[in-house]
Amino acid sequence: MNLCARQEYNYLDSILNKKHNELISMLNTRIAEDSENQNLISLKDRYPAAQKQWIILKNNNVSVVREKYQNGSILPMATDLQKSMDTRNRIDFIDMILEGFQ
């Protein structure tokens, strides 16, 4: 079960990385096409800070799970499941942003 939870997290993390790159690429392309669009420029400027805050949130969530299952055999699986849940939510968030530009 630990291995499955780790594989799921790794899979979702790879999807998140692709979505992140897709969003950055889309923003760069759109800004190149319309360099006066302040909404796009603002989104591109704010996104890195939002991403950093999300990473902090994800790490804090994992810390809470670690405290809950400290020294338990379920700890590796529980932390990977928490990271998977947070990553899935972040993928959905980025998808929502991308859908707004299609």
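How many residues does α1 have, and how far does α1 reach from its first C-alpha to its last? The legends below start from the whole chain and then take up this helix and its surroundings.

**Figure 1. Overall fold of the predicted model.** The chain contains three helices and zero strands, and from the N terminus on its elements run α-α-α. Taken along the principal axes, the C-alpha atoms fill a box of roughly 55 × 20 × 15 Å. The radius of gyration is 17 Å, whereas a compact globule of 102 residues would have a value near 13 Å. Of the 102 residues, 28% are buried. The accessible surface comes to about 6800 Å², and carbon and sulfur atoms account for 53% of that area. When contacts between residues at least 6 apart in sequence are considered, 73% join residues at least 24 apart.

**Figure 2. Helix α1 and its buried face residues by name.** α1 has 32 residues and reaches 47 Å from its first C-alpha to its last, close to the 46 Å expected at 1.5 Å a residue. Its buried residues are Ala5, Tyr9, Leu12, Leu16, Leu23, Met26, Leu27 and Ile31. The cover over these buried residues includes α2 and α3.

**Figure 3. The largest nonpolar core, with 13 residues.** Leu16, Leu23, Met26, Leu27, Ile94 and Leu98 have the most contacts inside this core. At least two core residues come from each of α1 (2-33), α2 (38-68) and α3 (75-99). α1 gives the most, with six residues. For Leu27, leaving aside neighbours within four places in sequence, the contacts are Leu40, Leu43 and Lys44.

Figure 4. Asp80 counts as buried because its relative accessibility is 2%, below the 20% limit for a buried residue. Apart from residues up to four places away in sequence, Asp80 touches Asn2, Ala5, Arg6 and Tyr9. Two of these contacts, Ala5 and Tyr9, are also among the buried residues of α1.

**Figure 5. A salt-bridge network of Arg6, Asp80 and Lys83.** The structure holds four salt bridges. In one of them the side chains of Asp80 and Arg6 meet at 2.9 Å, N to O. This pair links distant parts of the chain, with Asp80 in helix α3 and Arg6 in helix α1, 74 residues apart. Arg6 has a relative accessible area of 37% and is therefore partly exposed. Asp80 also forms a salt bridge with Lys83, where the closest N and O atoms are 3.4 Å apart. Asp80 and Lys83 both lie in helix α3, three residues apart, about one turn of the helix. Both of these residues are buried.

**Figure 6. The salt bridge between Lys19 and Asp95.** The side chains of Lys19 and Asp95 meet at 2.8 Å, N to O. Lys19 lies in helix α1 and Asp95 in helix α3, so the pair links distant parts of the chain, 76 residues apart. With a relative accessibility of 21%, Lys19 counts as partly exposed.

**Figure 7. Position of Met96 in helix α3.** Is Met96 buried or partly exposed? Met96 has a relative accessible area of 48%, which means that it is partly exposed. The C-alpha atoms of Met96 and Ala49 are separated by 18 Å. Along the chain these two residues are 47 residues apart.

Note on methods: Residues numbered from 1 in each chain as written. Predicted model: local features only at pLDDT ≥ 70, side-chain atom pairs only at ≥ 80, totals over all residues. Heavy atoms only, no water. Core = buried A, V, L, I, M, F, W, Y, C linked by side-chain atoms within 4.5 Å. Buried < 20%, exposed > 50% of the residue type's maximum accessible area, 1.4 Å probe, protein only. Helix = DSSP H or I, 4+ residues; strand = E, 2+ residues; numbered from the N terminus. Contact = heavy atoms within 4.5 Å. Expected span 1.5 Å × (residues − 1). Rg over C-alpha atoms; globule rule 2.2 N^0.38 Å. Areas by Shrake-Rupley, 256 points an atom, 1.4 Å probe, with all protein chains shown as cover.
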